[in-house]
Amino acid sequence: MEIFNSMTRRKEEFVPIEPGKLKMYACGPTVYNLIHVGNARPIILFDVFRRYMEYRGYEVTFVQNFTDVDDKIIKRANEEGLTSQQVAEKYIEEYFTDAKGLGVRPATIHPKATETMDEIIDLVQTLVEKGYAYPVPSGDVYYRTLKFKGYGKLSHQPIEDLLSGARIDVNDEKENPLDFALWKAAKPGEPYWESPWGKGRPGWHIECSAMNRKYLGKTIDIHCGGEDLQFPHHENEIAQSEAANDAPFAHYWMHNGFLNIDNKKMSKSLGNFFTVRDAAAAYGYEPIRFFMLSAHYRTPLNYSAESLQQAQAALDRLYTARENLTFLAQNGADGEPTEAEQAVLNQADDFRQRFDAAMDDDFNTADAVSVLFEVVRAANKAVGPDQKPTKAGAEALLKLVLEFTDVLGLLYGKEEESLDDKVEALIAQRQEARKNKNWAEADRIRDELKAMGITLMDTKQGVQWKKD
């Protein structure tokens with residue numbers, strides 16, 4: 001398997017630190033609002049990456065944090081008349097609602113900044129003792145950026161360029177404009193924790209370094225997140241962690257590309273800012289997930305109403321195939337798979353190899369989805385109306401389709417449907433009417449079921465149905 005490593009800017013063979021195990025960290029949301037569709041892209045993509053690695057036999061430890069103390073949270077708390085903790089808890093719960101809707105499984109561990117305070121303070125203290133950080137009279141603690149010789153190696157920006165673009169504040173206590181806060185002195189009315197430098201709270205960057213070290217160790221396999229986090233957030237994480245731990249921070253860095261809205265950058269000022277909740281209300285959650293997998297994770301992706309409608313149409317084809325194969329697995333002919341069914345099953349290993357090859361090539365979900373639809377088309381043809389499908393063949397084809405959709409985390413939006421006793425009785429009555437050539441009664445029952453949202457399809461294997 002090859003991964004494009006943002007650090008080296010080339011594809012590299014993935015070699016885990018420990019054979020058969022994967023330690024992976026993703027930067028999670030700052031919980032002061034509902035997540036937006038741009039947030040959804042890395043959340044979905046790295047959920048699929050985790051699923052795929054587990055499918056390939058890896059034992060994955062996946063850590064995704066919550067930033068639950070921050071200026072934005074404090075501002076929202078003041079606006080809503082709540083405490084910062086209440087705001088954070090509210091939006092963590094909302095995050096899980098959206099994540100579940102998107103088919104995203106909970107991480108192995110979801111640490112919070114407020115629950116990692118001892119480790120954060122300890123890490124800042126280590127950096128102070130080693131000369132990489134310095135406290136100032138106000139109670140803030142800053143990282144001495146120029147002391148870390150590798151600063152800029154992830155974003156590939158020379159120190160000179162970073163300095164020229166840095167904001168200079170004449171009232172700043174920093175030694176250098178590039179220095180960044182590890183610890184912030186508490187302002188009146190803000191939440192705070194006791195520390196060697198007085199009452200305060202952590203800067204944004206330090207929490208991820210502390211959580212990585214606590215839950216995954218000094219060196220991890222993969223650190224991932226959005227492209228916008230490369231600088232300064234991930235650059236600062238590297239500086240903090242490697243200076244404190246005297247060890248490489250992460251062997252591989254994965255960053256997904258930006259999400260644009262109708263070919264424009266998402267922005268509240270442009271009026272094109274959409275939360276996942278907004279998009280799901282209009283199109284459903286699962287089309288959002290499918291849409292995010294339709295392009296390579298490193299490429300920019302353009303979100304539009306049309307793109308989500310296309311995603312829904314593609315999902316409908318997958319659901320129809322699943323429902324048809326499920327029906328035939330119960331109602332098809334007895335005996336061994338037909339020649340047509342067996343021909344597709346004989347290609348199963350080839351389909352798997354091509355699916356795996358796509359995912360092994362820097363996690364190319366777009367090509368993997370294409371393989372999935374090849375499998376579906378072949379399966380549909382093998383059990384088509386001109387064939388005589390078998391239970392065994394349909395069941396084996398269904399298993400093959402679901403093998404790929406499970407890795408991609410698809411077909412979770414509609415559970416396998418079941419009929420209640422009344423509907424089953426009506427279908428049985430209609431079948432009896434047809435048997436007795438009472439066509440008027442059969443049509444009446446069909447119309448009654450249609451009014452209940454049930455569409456019937458008469459096939460050689462019996463009556464199929466679906467909910468409208």
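**Entry 1: the whole chain**

I began with contacts between residues at least 6 apart in sequence in the protein chain, and 76% of them join residues at least 24 apart. I noted that the model is predicted. Then I looked up the helices and strands: the chain has 16 helices and 15 strands. Next came the box filled by the C-alpha atoms, taken along the principal axes. It is roughly 95 × 50 × 40 Å. Last, I looked up burial. Of the 468 residues in the protein chain, 51% are buried.

**Entry 2: the cores**

Which residues touch the most other members of the largest nonpolar core? I found F49 and I222, in a core of 89 residues. There is also a second, separate core of 39 residues. Among its members I listed Y25, I121, F180 and I238.

I went back to I222 and looked up its contacts, leaving aside neighbours within four places in sequence. I222 is in contact with I3, F14, L22, K23, M24, Y25, F49, Y252 and M254. So F49 turns up on that list, because contact here means heavy atoms within 4.5 Å.

**Entry 3: α1 and α12**

I turned to a helix pair. Helix α1 covers residues 37–55 and helix α12 covers residues 348–360. Their axes come within 12 Å and cross at roughly 130°. Are they parallel or oblique to each other? They are oblique, because 130° is neither within the perpendicular range of 65 to 115 degrees nor over 145. The crossing is left-handed.

I then listed who meets whom. From α1 I wrote down V48, Y52 and Y55. From α12 I wrote down F355, D356, M359 and D360. I sorted the residues of this contact by type: five are nonpolar, none is polar and two are charged.

What lies in the loop between α12 and α13? I found N364 there, and α13 spans 365–382. N364 counts as buried, because its relative accessibility is 12% and the cut-off is under 20%. Not counting residues up to four places away in sequence, N364 touches H296, A358 and M359.

T365 lies in helix α13. T365 is buried too, with a relative accessible area of 0%. Leaving aside neighbours within four places in sequence, I found T365 in contact with V48, L293, A295 and M359.

**Entry 4: α6**

I looked up helix α6, residues 204–215. Its buried residues are H205, I206, E207, C208, S209, A210, M211 and N212. What do they pack against? Among the partners are β3 (21–26), α4 (117–129) and β7 (180–185). The list also includes β8 (200–202), β9 (220–226) and α7 (230–245). After α6 comes G217, and its phi is positive, near 105°.

Is α7 mostly covered or mostly open? It is mostly covered, with 14 of its 16 residues buried. P232 is found in this helix. A cis peptide bond joins F231 and P232, and omega is about 5°.

α4 and α7 pack at an angle of about 70°, with their axes 9 Å apart. They are therefore roughly perpendicular to each other. I wrote down L123, T126 and L127 in α4, which meet Q240, A243 and A244 in α7. By type, the residues of this contact are four nonpolar, two polar and no charged.

**Entry 5: two positive phi values**

D246 follows α7 and is found in the loop between α7 and β10 (250–256). Its phi is positive, about 55°, although D246 is not a glycine. D246 counts as exposed, because its relative accessibility is 63%.

D262 lies in the loop between β11 (259–261) and β12 (264–265). Phi of D262 is near 50°, again positive in a residue other than glycine. D262 is partly exposed, with a relative accessible area of 47%.

**Entry 6: F327**

I ended with F327, which sits in helix α10 (residues 305–331). At 11% relative accessibility, F327 counts as buried. F327 and A394 are 67 residues apart in sequence. In space they are 8.6 Å apart, C-alpha to C-alpha.

How values were computed: Residues numbered from 1 in each chain as written. Predicted model: local features only at pLDDT ≥ 70, side-chain atom pairs only at ≥ 80, totals over all residues. Heavy atoms only, no water. Axes fitted to C-alpha atoms, helices over the stretch in contact; angles between N-to-C directions. Helix = DSSP H or I, 4+ residues; strand = E, 2+ residues; numbered from the N terminus. Parallel < 35°, antiparallel > 145°, perpendicular 65-115°, else oblique. Left-handed = near helix turned anticlockwise from the far one by under 90°. Nonpolar A, V, L, I, M, F, W, Y, C, P; charged D, E, K, R; others polar. Core = buried A, V, L, I, M, F, W, Y, C linked by side-chain atoms within 4.5 Å. Buried < 20%, exposed > 50% of the residue type's maximum accessible area, 1.4 Å probe, protein only.
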